[in-house]
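Please look through the sequence and the structure below before reading on. The paragraphs that follow take the parts one after another.

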There are 2 protein chains.
Amino acid sequence: MIEDRLKSLLDDPADGTPSARIVRLLSERGTLSATEIARLTGLAKSTVSMTLAGLRRSDIVIESDHGETVRGAGVGRPATALTLNPKVGTCVGVLFGLEAIQLIVADVSHRVISDRKIQIEPDYSPAEAAAVTRRLVDEAYEEHGLAPEGRLGVGVAVAGPINPIDGKVLRASGVPTWAGTDIRAAFGPVLKSPIFADNESNCAAIAEMMWGAAIGAEDFVFFKIDLGVGGAIVNRGRVITGIAGGAGEFGHMIIDPSGPLCRCGNRGCLELYASARDAVAQAERRLGRPVGIDGLVALAREGDEDSRRKIVAMAEAAGKGLAIIGTALNPGLVVLGGQLSRAGEMLLGPLSESYERHTLVKRAGVAPEARTRFVTGVFTDNDACLGAVGLVLRHHGRLG
Amino acid sequence: MIEDRLKSLLDDPADGTPSARIVRLLSERGTLSATEIARLTGLAKSTVSMTLAGLRRSDIVIESDHGETVRGAGVGRPATALTLNPKVGTCVGVLFGLEAIQLIVADVSHRVISDRKIQIEPDYSPAEAAAVTRRLVDEAYEEHGLAPEGRLGVGVAVAGPINPIDGKVLRASGVPTWAGTDIRAAFGPVLKSPIFADNESNCAAIAEMMWGAAIGAEDFVFFKIDLGVGGAIVNRGRVITGIAGGAGEFGHMIIDPSGPLCRCGNRGCLELYASARDAVAQAERRLGRPVGIDGLVALAREGDEDSRRKIVAMAEAAGKGLAIIGTALNPGLVVLGGQLSRAGEMLLGPLSESYERHTLVKRAGVAPEARTRFVTGVFTDNDACLGAVGLVLRHHGRLG
C-alpha cells in the first residue's frame, strides 16, 4: 500500500537510498524543486530525476497543487514545485498546556487541516491527556475524512525536558504531575501511532525553523520569555537535546549563586530575573485585576512607566543570560519567543544592548555578516503545537 | 595523477558520490572495515564493495599495513582494515605558541611522520611565523623523502578565535600581535598549500575526538584549564565555530558582572576564577622560583596545602562555569584539557561536585547512561598541534 511505502521510506533514518533521502527531505521542507533537492541531498541531478520519476509514478511525490512555483537555483525559469502527496500521509501535533490541550492535524505537504484547542482542568494526568487527545484525533480525522492508516505519528509537546533515551519526562515544570511519565507508554497504545516528543521550547524552535523567523537558518538560538524562561539550541538544522534531554534550559543557568531560591531547587537562576512572572503578579496586585503578559505589554505601550521599566529590567537580565550563551555558542541568530516577545522593540532594544555589553565578541570587532542578529519569533502563541507537528515531519524525538 | 585524484575527492564537501564519501570518511577516521564504512556512510554494502574495489585498483585505498585487523560488526571474523594510501597524501599541523612553534607532519593513514618544536622570540609576527613554518615544512619533507605535491594542506592552530567567514583572527589572546591577521593571506602564498585554521581549543577538541579521550563521542564539551580557560563544543561530530568563530570561549562567560576586570575588557569572566594564572604567580612569588602549572600540581601532590586548596578553588569555579554550559547543552561527556587537567582526580573530584550542585539535571534524577561523564584528555601537551593535523584530515576550517 502506498501509505506503507511512504512510512517505510520515512521511518529508517539510516536508509541511505536516494528515494528515502528525497522523501525525508520533502517531509522536512514541504515543497522543493528538483534542483533544490539535488543541492540539499548532494545527489547527482540524474539520480534525482530518475528517483523523482519513480516516486511520482507511485504517487508518493506530486506537483504542488498550491499553484505556486519556485525558482531553481541559477536556472532562470520557474521550476516545478514538488511535495509529498498530502493524500497519503498526515500527522498530528499536540500541546499539553496548563489548562488547555491544543491539537493540530496537518498533511505531509505541510498544510494544516485542523487546529483545535479545548479547556481542561489543571493538574490533569497523562492518562486523561491521552484519552482527550484520542477523542480529538478521532473527531478531526472523521470530520475531515482522513484515513487513520495514513497517520505517520503524533508529536507531543510537553512542559518539561524529555529524556531521549527512555522517553521519560525529567521534570515537568509546567505540569508537575507529569514528572517521570513514560510518554510512549502513556500515549502510544491509546493513540495507536508512533509517538514523537520533545519539550515545548524545542518544539517552538522547530516551528520557527520550519515556517517562522528562522527559515533557512541552520544555526540559531531560540530564547523564550514567558512566565518562565526556556529555549533551544539549533545546530546544523537539528535541535540539540542533550544526553538526558536537558539542553536549552536557559532559564536555569545560574547567574547569581547567592541569589533567591528557584523552583528547580538551585539559587539565582536566570528565570528569576528574566521571566515575566513577578512583574505580572505585581501589576495584578497593584491594579487589582488580571493583567497577564499581554496586559503588561499593553500597559507599557500606553505609557505606564512601572510596566515599561519592568520589561526593560527583564530585557537586561535576559541579555545578560543570553550573553553567556553567546560567549559559549556565538550564534548568528537569536529568535526571541514566548509571550513577552510581542513587546517587540521595547524588549529587543535593551536586550541586545545588554547582550553586547556582556558577551565576548563585540559587534564593532567583526564584519556585519558575522554579527549576531536578534529577531522576534513569528509564532508566539501557536509555536509549540506547530512544532509538535514538525517533530513528526522531521522525525525528531521518536520514542521507542 | 593519483595525488590530484585524492585531492579532488577530498576537496568538495558537496560531492555526494560514493567514492568521495568513502574517501572523506577514511580521511577522518584513519582505518575502517568495509562494514564500518557501509554503516557510517549509510551506503548499501554492494555500493561500498564496488566503490572500494575501484579505489583500491587506483591505489587510493589500501589494506592497512599496520598488520592490525578490525572486526566487522556482527560478522564474527576479522575484516580487512582499509586506509587511504599513505604514499599519496600528507598533511601538516602547526601550532603557534607563545615562545615556540610546533610542526607535525602526518600521512592520510593518520601516521605521524615528523614532530618538531622550535623556540622563537615572543611577539613574533605572522610573517615570521610563516617563514619559519615554511622552513620547517621543507626540512621535514626533504628529511622524510615526502613529495610536496602530495601535501593536502596545512592546518594552523592559533591562540585566538578565527572568523570562519573571512579567515581573520578576532582577538589573539596568546599572541596579541596577531589580531586582525588574515591567516590565508599570511600563510597560503608562503606555504603554497591550502590553509585550514581554527583556534587552539577547537584543535585540541578535534585531537581528543580523533585519537584521544573522546573517540566515538559525537557530542561533547572540551574544557581547557591552563594559564587561560578555553574550550570547544562538539555536536554530531563537528566543532561548533559560531558565526564569527567565537564559540567555545568559556573563559569569558561572565559569572560575576561586578567582578574584577578581565583582559578581554569585560568584568568577572570565568577565566579570572578558574585559570591557573594567579595561583601559579602566587606560588612563584612565595617560593621565589619558577613553578608553572606542572609545578603547582606537583607541590599539591607533595602535600603543599596552599597549592592543593588553590587547585580545589579553581576546580570549584570551573565546575560552576561548566554547570552553566551544562544547563544550556546537557552534554554526555566533558573532556578536561589543558595543563591543569594533569592534576587528575584532585581536579576532577571537586569540579564534578561543583558542577552537580550548580547544574539543572542532577545525577540522581536520571538513569546512569543519561548522566554527564567527566574525563581528562589524553593529549595535554600535544593536543592543539595534533588537532591542527586533524583540521586537514577532517576538512575543517578551510580558508578561501
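How many bridges join E12(A) to strand E13 of chain A, and do these strands run parallel or antiparallel, that is, which of the two? In this predicted model, 2 bridges link E12(A) with strand E13 (residues 238-239) of chain A, and the two strands run antiparallel. Within that pairing, A:Asn235 stands opposite A:Arg238 of E13(A). The hairpin of E12(A) and E13(A) has 2 residues between its strands, and A:Arg236 there takes a positive phi near 45°.

E12(A) also has a partner in strand E11 (residues 220-225) of chain A, to which 6 bridges join it in an antiparallel arrangement. One example is A:Lys224, whose bridge partner in E12(A) is A:Gly230. A hairpin connects E11(A) to E12(A) through 3 residues.

Strand E12 (residues 229-235) of chain A has 7 of its 7 residues buried, so the rest of the structure largely encloses it. In a regular strand, side chains alternate between the two faces of the sheet. Both faces of E12(A) are covered. A:Val229, A:Gly231, A:Ile233 and A:Asn235 are buried on one side, and A:Gly230, A:Ala232 and A:Val234 are buried on the other.

Now to chain B. An open sheet is formed there by 5 strands, in the order E8-E7-E6-E9-E10, with mixed pairing. At its edges are strand E8 (112-119) and strand E10 (195-199) of chain B, each of which pairs on one side only. Neighbouring strands of this sheet are turned against each other by 15° on average, direction ignored. Within the sheet, strand E6 (residues 90-96) and strand E7 (residues 100-107) of chain B run antiparallel and are joined by 7 bridges. B:Gly93, for instance, has B:Ile104 in E7(B) as its bridge partner.

H5(B) packs on this sheet and touches E6, E7, E8 and strand E9 (151-158) of chain B; the direction of H5(B) makes about 40° with that of E7(B). Helix H5 (residues 126-143) of chain B contains B:Ala131. With 45% relative accessibility, B:Ala131 counts as partly exposed. The C-alpha atom of B:Ala131 is 9.8 Å from that of B:Ala186, 55 residues away along the chain.

Another helix of chain B is H10 (residues 292-301), whose buried residues are B:Ile293, B:Gly295, B:Leu296, B:Val297, B:Leu299 and B:Ala300. Their cover includes helix H9 (277-287), helix H11 (305-329) and helix H12 (345-358) of chain B. Just after H10(B), B:Gly303 takes a positive phi of about 105°.

How do the two chains meet? In chain B, 49 residues are in contact with 49 residues of chain A. The two chains bury about 3,900 Å² between them, 61% of it on carbon and sulfur atoms. On the chain B side, B:Arg236, B:Ile243 and B:Leu360 lose the most area to chain A, together 16% of what that side buries. Of the interface residues of chain B, 100% are also interface residues in chain A, so the copies meet through the same surface.

Chain B is superposed on chain A by a rotation of 180° with 0.0 Å of shift along the axis (RMSD 0.0 Å). The two copies are thus related as by a two-fold rotation axis. In chain B, B:Ile255 has the C-alpha nearest that axis, 3.2 Å from it.

Terms used:
Residues are numbered from 1 along each chain as its sequence is written. Chains are lettered from A and ligands numbered from 1 in the order in which they are written. This is a predicted model: local features need pLDDT of at least 70, side-chain atom pairs count only at pLDDT 80 or more; totals for chains, interfaces and linings use all residues. Side-chain values use heavy atoms; hydrogens and water are left out. Copies are superposed by least squares on the C-alpha atoms of residues with pLDDT of at least 70 in both. Contact means heavy atoms within 4.5 Å. Helices (H or I, at least four residues) and strands (E, at least two) are DSSP runs, numbered from the N terminus. Buried means under 20% relative accessible area, exposed over 50%, partly exposed in between (1.4 Å probe, protein chains only). Two strands pair if DSSP finds at least two bridges between them. Axes are lines fitted to C-alpha atoms, for helices over the stretch in contact, and angles run from 0 to 180 degrees between N-to-C directions. Buried area is the accessible area (1.4 Å probe) that two parts lose on being put together, summed over both.
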